[in-house]
Amino acid sequence: MIPSPAPRRRGKLPARYAAIVMPLVLSVLMTFVVSAISTLRSLGPTPAFVTTWPAAWAISWLVAFPTLLAVLPLVRRIVAFAVETPRSN
């Protein structure tokens, strides 16, 4: 009898997608908060805020996600220049 392979764990993406998932999650969370603050400051806590904020968030996310993908390599270089790398034992 041939042993069956171990069942594959479900629910997680392969590690190769981390370079896309990290900026995706970061852009969603950042634009969610920043657009809320900006829209609330502009309109105040009114019913107009509730109807305006989702569109403001969507537009800001459409700009932020591709921008993060484009600037992330530069940010990594800047961080590597500014932060000491750990010494190997």
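**Exercise 1.** Determine whether Trp53 counts as buried or exposed.

*Solution.* The relative accessibility of Trp53 is 18%. Buried means under 20% relative accessible area, exposed over 50%, and partly exposed in between (1.4 Å probe, protein chains only). Trp53 therefore counts as buried. Phe32, at 43%, counts as partly exposed.

These values come from a predicted model, in which local features need pLDDT of at least 70 and side-chain atom pairs count only at pLDDT 80 or more, while totals for chains, interfaces and linings use all residues. Residues are numbered from 1 along each chain as its sequence is written, and side-chain values use heavy atoms, with hydrogens and water left out.

**Exercise 2.** Classify the aromatic pair of Phe32 and Trp53, and state which helices hold the two residues.

*Solution.* Rings of Phe, Tyr and Trp (its six-membered ring) pair if their centres lie within 6.5 Å; planes under 30 degrees apart count as stacked, over 60 as edge-to-face and the rest as tilted. A search of the whole structure finds three aromatic pairs. In the pair of Phe32 and Trp53, the centres are 4.8 Å apart and the planes make an angle of 55°, which is tilted. Phe32 lies in helix α1 (residues 18-43) and Trp53 in helix α2 (residues 47-82), so the pair ties together parts 21 residues apart in sequence. Helices are DSSP runs (H or I, at least four residues), numbered from the N terminus.

**Exercise 3.** Classify the pair of Trp61 and Phe65.

*Solution.* The ring centres of Trp61 and Phe65 are 5.5 Å apart and the planes stand at 10°, so this pair is stacked. Both residues belong to α2, four residues apart, a separation of about one helical turn.
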